[in-house]
Amino acid sequence: MARSMWKGSLAFGLVNIPVELYSATRDHRPKFRLLHAKDEEPVRYERVCQKEGKPVAWEDLVKGYEYAKGQFVVLTKDDFKTAALEKTKTIDILDFVEAAEIDERYFETPYYLMPGKGADRAYVLLREAIRASEKIGIAKIILRDAQHLAAVEAIGDALVLTMMRFADELADLEDFSFPRKAEIRPAEMKMAQQLIGNLVTEWDPEKYTDEYKENLLRVINAKVKGKKPKLIDADTTPKQAQVVDLMARLRASLEGKKSPGSAKKPAASKGRKSARRPRRVA
């Protein structure tokens with residue numbers, strides 16, 4: 001198992017449970033480095049002063065905030081210490097709220113909370129209490145000197161902490177010109193609903209794969225071996241950007257799909273689903 005990235009305690013009321021924080025995501029996409037095309041050697045980055053045009057050593061760097069165009073205020077280590085909150089090493093659950101009330105845009109990255117030594121019983125007790133309540137805990141945690149909002153929920157056998165955005169981090173919907181109304185014919189609505197109905201199935205996360213990543217790895221492996229890659233076939237149907245006859249497209253889509261009863265059900269999803277978001281599973 002990977003090393004924990006944070007150790008502390010999960011607190012609600014007067015209860016404190018020792019926990020460790022682990023990443024709940026994996027990045028399988030290949031990593032690349034920039035090379036010099038002439039000799040395929042890695043390129044080193046340099047920090048160059050815009051005014052002098054010369055490289056700057058790490059020890060000569062300071063952090064500055066641009067409060068006006070071209071105008072900076074320099075912040076020292078002491079300034080950051082002054083602004084920093086006390087590192088409590090505690091995930092403080094402040095409230096429990098209804099899952100359905102939380103806008104999906106608030107959620108960011110999930111992490112697994114593992115019980116610390118001797119905390120299994122308290123961990124299971126809190127997990128099952130949260131599950132039974134069908135609520136989500138809203139907490140705050142200080143990680144890498146910054147304070148984060150987070151959600152705590154029971155998913156399968158795990159307590160999962162998901163980093164959240166604060167309210168002022170979301171762009172206002174009112175700042176965008178989304179269409180409010182449009183003339184929709186009843187036949188169009190009926191056909192669109194029928195198409196959705198034909199695509200309804202059970203959630204199976206393993207059904208959806210990153211075909212671009214797979215093809216990229218096949219290209220890489222083939223080049224290493226000096227062979228031609230065998231790529232995954234993709235949908236080569238040209239996508240039209242212009243406005244088309246909606247009814248014609250809906251009718252063509254329906255004709256290309258099987259009847260709802262003819263499709264086989266996918267394999268059951270692994271893990272138990274979260275009470276909050278149907279697409280999230282353990």
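**Figure 1. Overall view of the predicted model.** Buried residues account for 23% of the 282 residues in the protein, which is shown here as a predicted model. Five helices and nine strands are present, and their order along the sequence reads β-β-β-β-α-β-β-α-β-β-β-α-α-α. When contacts between residues at least 6 apart in sequence are considered, 63% of them join residues at least 24 apart. The protein exposes about 22,500 Å², of which carbon and sulfur atoms supply 54%.

**Figure 2. Close-up of the largest nonpolar core.** The largest nonpolar core holds 25 residues, and those touching the most other members are L10, L21, I91, L113, V152, L159 and L161. Two or more residues of this core come from each of the strands β1 (6–12), β2, β5 (90–98), β6 (107–115), β7 (135–143), β8 (146–155) and β9 (158–164), and also from the helix α2 (120–133). Strand β9 gives the most to this core, contributing five residues. As general background, nonpolar side chains in soluble globular proteins tend to be buried together.

Figure 3. L21 is among the residues that touch the most other members of the largest nonpolar core. Once its neighbours within four places in sequence are set aside, L21 is in contact with S4, M5 and W6, with Y111, Y112 and L113, with I141 and L143, and with L161. Two of these partners, L113 and L161, are themselves listed with L21 among the core residues that touch the most other members.

**Figure 4. A nonpolar patch on the surface.** The residues L34, V43 and Y45 form a nonpolar patch on the surface, and together they have about 340 Å² of accessible area. L34 is found in the loop between β2 (15–23) and β3 (63–68). Because its relative accessible area is 55%, L34 counts as exposed, the cut-off for that class being over 50%.

**Figure 5. The two aromatic pairs.** A search of the whole structure finds two aromatic pairs; such a pair is described by the distance of the ring centres and the angle of the planes. F176 and F178 form a tilted pair, with 5.8 Å from centre to centre and 35 degrees between the planes. Of these residues, F176 is partly exposed at a relative accessible area of 48%, whereas F178 is exposed at 52%. W203 and Y208 form a stacked pair, with 5.7 Å from centre to centre and 20 degrees between the planes. W203 is partly exposed, with 26% relative accessibility, and Y208 is likewise partly exposed, with a relative accessible area of 46%.

Figure 6. E98 and K135 form a salt bridge in which the closest N and O atoms are 3.1 Å apart. Here too the pair links distant parts of the chain, with E98 in strand β5 and K135 in strand β7, 37 residues apart. E98 counts as partly exposed at 36% relative accessibility, and K135 is partly exposed with a relative accessible area of 28%.

Figure 7. D103 forms a salt bridge with R105, the closest N and O atoms lying 2.7 Å apart. Both residues fall in the partly exposed class, D103 at 29% relative accessibility and R105 at 35%.

Methods
Residues numbered from 1 in each chain as written. Predicted model: local features only at pLDDT ≥ 70, side-chain atom pairs only at ≥ 80, totals over all residues. Heavy atoms only, no water. Helix = DSSP H or I, 4+ residues; strand = E, 2+ residues; numbered from the N terminus. Buried < 20%, exposed > 50% of the residue type's maximum accessible area, 1.4 Å probe, protein only. Contact = heavy atoms within 4.5 Å. Areas by Shrake-Rupley, 256 points an atom, 1.4 Å probe, with all protein chains shown as cover. Patch = residues over 30% accessible without salt bridge, like charges linked within 9 Å, V, L, I, M, F, W, Y side chains within 5 Å. Salt bridge = Lys/Arg side-chain N within 4 Å of Asp/Glu carboxyl O. Core = buried A, V, L, I, M, F, W, Y, C linked by side-chain atoms within 4.5 Å. Phe/Tyr/Trp six-rings, centres within 6.5 Å; stacked < 30°, edge-to-face > 60°.
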